[in-house]
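Student: Could we go through this model together, with the rules behind each term stated as we meet them?

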Amino acid sequence: MAEGIAFDLVKGVLGKLGSALWDEIGLLRSFKDDADDLKSDFSAIQVVLLDAEERSSSVGKESHGLNDWLRKLKDAAYDADDLLDEIRTEAEKVRGFLSRANPMHLKFKRKMAHRMKELREKIGKIAEQRHKFGLAEVGPGRQAEFKRSDSFSLVDEKKIVGRDDDKEKIVKLLLQTNSDHDVLVIPIVGLGGLGKTTLARLAFDDGRVTGQQRFDLRAWVCVSTDFDIKTIARSVMSEAGEKCDLDNSDAVGHCLVRIFSQKRFLLVLDDVWNEDQEKWEKLKVLFKDGKQGSKILVTTRSKKVATIMKTVEPHHVKVLSDDDCWTLFKRLAFEKGEENDYPSLVEIGKQIVEKCGGLPLAANALGSMMRFKRTENAWSAIRDSEIWRLEEGTILPSLKLSYIQMPSALKQCFGYCSIFPKDYVINKDDLIRQWIALGFISSHETWTSMEDIGNEYLNDLLWMSFLQDDVENKYRYRMHDLVHDLAQSVAREEVAVIFGEESTGISEGCRYASIHSSFVPQIPTTVAQRLRALQFRNSGSLIMAFYSEAKCLRLLDLRGSQISMLPSSIDCWELKGMPRGIGKLLSLQELSVFVVGKQDRVEHCASISELEHLKLVGGLEIKGLENITSPVDAKAANLIEKKLRSLKLDWNVLSAEEGTDSTVLPAEEIETVLENLQPHQKLEELNIRGYGGGKFPSWMMNRIGSCLPNLVQIQLVNMSRCCSLPPLGQLPFLKQLFIRNMPAITNLGVDKFPALTRLRLSRMPVLREWVTVMTVDGKEGRRERVPIFPCLTHLSLTKCPQFRPEPCLPPSVEDLDISGTSSENLSLILECVTPLDERDAAVSLQPPPNKGLRNLTITKCQQLTCLPESLRGLTSLQSLRIRGCHDLERIEDWLGELSDLQSLSIHGCSSLRYLPAHKMTALQELGIGNCPLLFDADGRFVDTSVDHIKYIYVDGRKYPYEEEGSSSPKEEKSSPKEEEKKSWTSYWSRSNWLARRA
C-alpha cells in the first residue's frame, strides 16, 4: 500500500517516538540519540509527504521515481514501527520491567541500540533523497476538502437509471414457459462496471418472478474464477436447507442432483469467467432433472462464456447514454435541485461524465467524489487530470481519481480490502475490528469511538461505490471486481492472497496475507517475521508451523482452518476452558466463544470474571455456565458494559443434572448468576439455553423494555423449571421469537407484539390458551378489540398438543406449520383460522387485501383419518403439504372447493386410499411419496384423473413415467425416511428463503 498512505504510517511512528516510555525503561544513551535523530528525519519527511503522494499518482517518469522513494520510506517506517512495538511488548511482558531498579537486560538493550542505529542510517538516506523531487511542504490541511455525508438518505442509491428495457427483457425470459429446453440458460453479457449484476438482481427480485410460487428453489451464486461444483454447492445447499461434505466431490454432485431434481428452479451464476466448455458440460449435468421452466441466469464479461453456456441468445448490456450517466452523477454530486445554483459546475460536470465511458460504476464514484467540492478549480482539476490518460490494465481512471481524493487513513483501510478475494462477502463488524487491530484507526478516546470512526470509513466507501451492500444481509458488503483491481493496484506487494500452492510469489515486502488453500504454503521466515495480518480460509491443520516466527502479528484469523490445537505459545484447553490471563488482552474486541471450565481444571482455565475489562463487541457465546462456582464471578464479567450485538448463554443441562460434581449451584444461586449476566442495552439477539432457575431475572421480568429496548430476536430453550415468561411484548422491535422445551409454560401472556413476524413454539406440552386479541380503550371512550400480533406472518407449532388460539389465528399469518399434535387439536386450530368478523360482527380483523393463510404444512398428526372440516374454510390457501400422517385414509372431495390451491404434496401417508385430484381443477403441482394405496399394480392413480395437472411427481419421479425403465411406486424401494427427506427439500428451500427475506 505504498501509494497514498505513507502519511498515516509515518504519523503513527512519530507518535510512538514521542512516548515517555523510552525514558522510563532505561535504554542506552546511543539508542535515545538515534531515536531523536529518527524522529527529526521522519518529521522532515512528513511535511512533504502529502505532496509526494499526490504527485506519485500522476502520469510520467517523475511518478515512477516518487513511487520507488515512497516504497522505500514505507518499508523503513514499517521496520521502525515493528522495532518500537517489540521493545514496548518486551517491557510489558517482563515483571518489574518499568522500574529503574530493574532495568532491561544489557544484552537486549545493546541489540535494540544496534537495530535503531541501522534504522536511523537508513531513514537518514531516505530523508536526504526527498530534496531531488522538489517536494512542497504541506500540512494535513491539504486533505480538508474531503467531507462525509451526514446520511445516505440524501440520494436514492438503489434507483436504477436507463435499465428499464433491459430488465423487462430479462423478466420476460424468466417467465417464459414454452421452450425446447427444460432448463433455459440466459447469459447477460457486457463490460465490467455496466451493472450486469444489478440488472440480474432486479430481475431476480421482481415480484412477477418471486410471486405465485413460480420457482421451487431460487439461489444466487457469486462464481468469479471459482467455476466448480463446490462454489455452486455452498450457496444452493444453503438455500435448500441441505448439508453435505464439501470435500467429497461425488457426495456434493449427488446432493446437488437431488436438490435440483423435479424442481422448477431459478439459479443465478454471477460473474462467470470460465471459457472451458468441458467444465460447463460436466457441471450442467447437475441440472438435467430440473422441471421444465427452470432458468439459469448468467452474468459475464466474456462473449465466449455466453456462447458456451447459452440456450437462448445472450442479452447484451450496452453502455449508458451520457444523459443517463449525468443523471447518476448529478444525483450524487448535488442535493436535489442544487445543480441550478451552479451552472458552471454543471457544464464541467457533463464534460467529466463524457469521460466515464457510459459506465454506471464510474459515474457513481465520480459523482460522490464531487459532492462537497464547489469551486470551478476543483471540478476543472478532475476534468483535466492526467489520470484520464492512465494505461494500467483494468484500472478505471475514474476510480483512480476518486481514490486519490481520499484521506490518507481511508486509503489505508481501502487498500487493505484487497486481502479478500474477488466476490468475497465482507462482514461489517469483522472488517472494522481488523482495521482497529492493525492500527489503521486511532483515537485518544474510547474503543467505541474507534468503532464509530470505522463505521464512518465504511460509510465513506459505500458512498463512493467502493463497497456495495449485500442484498441478503445489511451487515455484509461486496466489492465490485473493478474496484478490487484498484485495491490490488494500490496495495501492491504489501498484500498477498494465496490460492493453491502459490507461495513462491510472496514478496519480501508482504505485510498482510490471506491463505485460501488446504495446501500449506511455505512462507519464508523473513516474510513471516514481518507479517502483521494473517488469515486462513479452507486451510489445513499444519498452518501454525511458522507461527513462532511471526512476532509482528497484530491479527491472526483461524476461522477457515482445520486446526484442532493452538500452538503452545497460545495456551488453550481445547475449548473446555479458556486460558488463564485472557482478561489481560485489553485490546481484544472480538471473542466469539468463552467456555467456563470445570473446577478440576481451575489451575488451567480462566474464570468468567476475566471478561471484566474486555471491551467486547459483536457476538459472544458463553458456554459451560453450569461450571460457575459463585454468582459473584458472573457479576464481575461485567456484561452490562459490553456493547454486544448478540449474546448466547448456555448451560449444559446433561452435565449439570447427570454429573456428580458437588460444585453445581442450587437453583437459587443459578438464578442469581443469570441476574448478574445482564447485557448492554444495545443487544439485538439473545439466546438462553439450559437455564436451570425457576424464574427469569429482574432485567427480563420487570425492566425488559428499558433494559433490552433494541432486541430483535430471542430464543429460550430447555428451561424445565420456568413457569412464566417475561413480558416480551414490551420489546418494540422484536421480530423473531423461538421457544422450545419449556414444559411448565401454560400461556404466552397478553402483551401486544407490535413487530413480531416469526413465532416458533416447540415441545410445550401444557401451553393452552394463546390470546391473539386484546380489548383497549378506543376513540370516544369506546372499547375496541385489536390484534396482539399484527405483523405475524410465520407460525410454527411442534408438539404443542393443547395449543389453541383465542379467539382466532392472527389474520396476518401466511405460513402455518403444525407438527406432532392430535387430530382434535389440529381441527380446533384450523377453526381459528377463519376470519374473526365472520363469527363476531363487533370485531373487524380481516386479513389485509391479497393476504391470508397461503401455506399450510401438517406433519405427524396422530389419529388423523381424514382432513378436518375446518380446513374447508381456508379459501386463500395456495399450498398444502401433509407429512407422515400414517392414519390418513382419504382426502375429502370438498378440497377441490379451494380455488386458490395450486400445490399439493403428500408424503409418508401409507393408509391413504382416496385422493380426488380430478376435483381440484386449480391444482398445478402434485407431489406424492410413499403412498402406495393410491396406485394400481401398473403404477397408475386409482379412482381419479390427474391429466389436468401440469406438474406431477411420484416418489421423486416425473409422472406419467417414461416407458423406458418405468416402474410403479410399489416397486420403488426408497425408505419412508428417504422419501420424507426428498419431500421436505422444496418446502424448506422456500421457508429458508422467506426467513432471510423477513
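Student: Which residues of helix 28 (residues 823-831) are buried?

Tutor: The model is a predicted one, in which local features need pLDDT of at least 70 and side-chain atom pairs count only at pLDDT 80 or more, while totals for chains, interfaces and linings use all residues. Residues are numbered from 1 along each chain as its sequence is written, and side-chain values use heavy atoms, with hydrogens and water left out. Buried means under 20% relative accessible area, exposed over 50% and partly exposed in between, with a 1.4 Å probe and protein chains only, and helices (H or I, at least four residues) and strands (E, at least two) are DSSP runs numbered from the N terminus. In helix 28 the buried residues are Ser823, Asn825, Leu826, Ser827, Ile829 and Leu830.

Student: Which strands are included in what covers the buried residues of helix 28?

Tutor: Contact here means heavy atoms within 4.5 Å. The cover over the buried residues of helix 28 includes strand 23 (794-798), strand 24 (804-806), strand 25 (815-819) and strand 26 (855-859).

Student: Why do the buried residues of helix 25 (residues 667-675) lie on the same side of helix 25?

Tutor: The buried residues in helix 25 are Ile670, Glu671, Val673 and Leu674. The arc is that of the directions from the helix axis to the C-beta atoms. These residues are on the same side of helix 25 because they cover an arc of only 155° around the axis.

Student: Is Ser294 buried or exposed, and which backbone atoms does its side chain reach?

Tutor: Ser294 lies in strand 4 (residues 294-300), and Ser294 counts as buried because its relative accessible area is 0%. A polar contact is a pair of N or O atoms within 3.5 Å; within protein, one must be able to donate a hydrogen and the other to accept it, and residues adjacent in sequence count only if both atoms are side-chain atoms. The side chain of Ser294 reaches the backbone oxygen of Lys263 at 3.2 Å, and a polar atom of that side chain lies 3.0 Å from the backbone nitrogen of Phe265.

Student: How many disulfides does the count come to?

Tutor: A disulfide is a pair of cysteine sulfur atoms within 2.5 Å. Cys222 is buried at a relative accessible area of 16%, and Cys552 is buried at 14%. By the sulfur rule, the count of disulfides comes to zero.
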